[in-house]
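Work through the exercises below with the model open. Try each task before you read its solution.

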Amino acid sequence: MLVPVSTFQILDYCEYQLFLKYYEKVKPVITRKMLAGIQKHKRLEEEFLEEAEEIEETIEEHLEKLLRGEVSPFNVRELPVKSEKHGLIGRIDEALFYEDHAVIIDDKPNPRITQGTIDQLRAYAAVFEDHFNWENLIVLKARSHSNNEVFYEEEFNEKARTQIIEKIEYLHWLMQDPTRAKPTSEKEKCLHCSYGPYCDKFMEE
Ligand code: SF4
């Protein structure tokens with residue numbers, strides 16, 4: 001089973017959303033804030049495409065040329081990646097390829113780092129390594145939609161790899177039986193939860 005990398009955001013916010021989404025098949029409420037985020041994301045892609053140079057071969061072929069020193073470093077938006085090894089699939093907002101390192105960027109509506117965003121970035125790195133047989137350094141960055149500035153950055157090192165692999169295993173354990181998912185203990189989260197109106201564990205103030 002291939003699980004979207006973005007599920008790490010759910011895991012961090014409240015894993016009970018997994019039960020509602022995958023077991024009860026609940027569709028979350030789409031808020032104005034979420035719609036604004038989707039529109040901003042689309043605008044960023046359109047702006048990128050206006051200035052982008054088209055690559056007339058697969059990313060994998062172009063990457064091989066880069067590693068042979070035949071082409072210059074390049075970047076790709078909305079890069080699809082997949083890993084059977086980790087059972088994950090996703091689309092990286094922006095990836096920059098250099099001969100000796102890669103940069104993975106996740107665009108967020110607000111410059112506020114959460115464990116969910118860190119885990120999502122690390123999961124993308126694990127999938128990226130498997131997808132491209134990548135053995136060089138990967139730098140992870142979270143960037144804000146609001147001002148286009150990077151507000152979080154780390155190198156994907158051995159410690160980060162070990163931590164995310166444990167979390168990937170936990171995620172698949174939950175996905176095998178979403179009734180294992182536990183609700184949050186933070187009332188505040190329920191108030192802002194897009195599954196709130198359908199949740200039997202909703203905590204009132
Ligand atoms: S309403 Fe609360 S317990 Fe239910 S899914 Fe949302 S955050 Fe979790």
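## Exercise 1: the buried side of α2

The buried residues of α2 are Y16, Q17, L18, F19 and L20. Buried means that 20 or more other C-beta atoms lie within 10 Å of the residue's own; exposed means 12 or fewer, partly exposed is in between, and C-beta atoms are placed from the backbone. This is a predicted model, where local features need pLDDT of at least 70, side-chain atom pairs count only at pLDDT 80 or more, and totals for chains, interfaces and linings use all residues. Residues are numbered from 1 along each chain as its sequence is written.

**Task.** Find which helices the buried residues of α2 pack against.

**Solution.** 
- Step 1. Locate the helix: α2 spans 16-23. Helices are DSSP runs of H or I with at least four residues, strands are runs of E with at least two, and both are numbered from the N terminus.
- Step 2. Look for contacts, that is, pairs of residues whose C-beta atoms, placed from the backbone, lie within 7 Å.
- Step 3. Read off the partners: the buried residues of α2 pack against α1 and α6.

## Exercise 2: the ligand shell

**Task.** Which element gives the largest share of the shell around the ligand, and how is the shell split by class?

**Solution.** 
- Step 1. Collect the shell. The ligand is surrounded by 14 residues. A residue is near a molecule or strand if its C-beta atom, placed from the backbone, lies within 6 Å of it.
- Step 2. Pick out the closest ones: C14, P183, C190, C193 and C199.
- Step 3. Assign elements. At least two shell residues come from each of α2 and α7 (187-191). The largest share, three residues, belongs to α2.
- Step 4. Sort by class. The shell has nine nonpolar, three polar and two charged residues. Ala, Val, Leu, Ile, Met, Phe, Trp, Tyr, Cys and Pro count as nonpolar, Asp, Glu, Lys and Arg as charged, and the others, Gly among them, as polar.

## Exercise 3: the largest core

**Task.** How many residues form the largest nonpolar core, and which have the most contacts inside it?

**Solution.** 
- Step 1. Apply the rule: a nonpolar core is a set of buried Ala, Val, Leu, Ile, Met, Phe, Trp, Tyr and Cys residues joined through C-beta atoms within 7 Å.
- Step 2. Count. The largest such core holds 38 residues, and I104, A123, Y124, A125, V127 and F128 have the most contacts inside it.
- Step 3. Two or more core residues come from each of α1 (7-13), α2, β3 (88-97), β4 (101-108), α5 (115-132), β5 (137-144) and α6 (158-176). With eight residues, α5 gives the largest share of this core.
- Step 4. Zoom in on F128. Leaving out residues up to four places away in sequence, F128 touches V81, A102, I104, W134 and I138.

## Exercise 4: α5 against α6

**Task.** Is α5 roughly parallel or roughly perpendicular to α6?

**Solution.** 
- Step 1. Take the geometry. α5 and α6 pack at an angle of about 95°, and their axes are 9 Å apart. Axes are lines fitted to C-alpha atoms, for helices over the stretch in contact, and angles run from 0 to 180 degrees between N-to-C directions.
- Step 2. Classify. α5 is therefore roughly perpendicular to α6. Angles of 65 to 115 degrees count as roughly perpendicular, under 35 as roughly parallel, over 145 as roughly antiparallel, and the rest as oblique.
- Step 3. List the contact. From α5 come D119, R122, A123 and A126; they meet A160, R161, I164, I165, K167 and I168 in α6.
- Step 4. Sort it. This contact has six nonpolar, no polar and four charged residues.

## Exercise 5: positive phi in loops

**Task.** Where do K25 and N148 lie, and is each buried or exposed?

**Solution.** 
- Step 1. Recall the background: most residues other than glycine have a negative phi.
- Step 2. Take K25. K25 sits in the loop between α2 and α3 (32-51), just after α2, with a positive phi of about 55°. K25 is exposed, because 7 other C-beta atoms lie within 10 Å.
- Step 3. Take N148. Its loop joins β5 and β6 (150-155), and its phi is near 65°, also a positive value. N148 counts as exposed, with 9 C-beta neighbours inside 10 Å.
- Step 4. L44 in helix α3 and N148 are 104 residues apart in sequence, yet 9.8 Å apart in space, C-alpha to C-alpha.

Note on methods: Contact = placed C-beta atoms within 7 Å.
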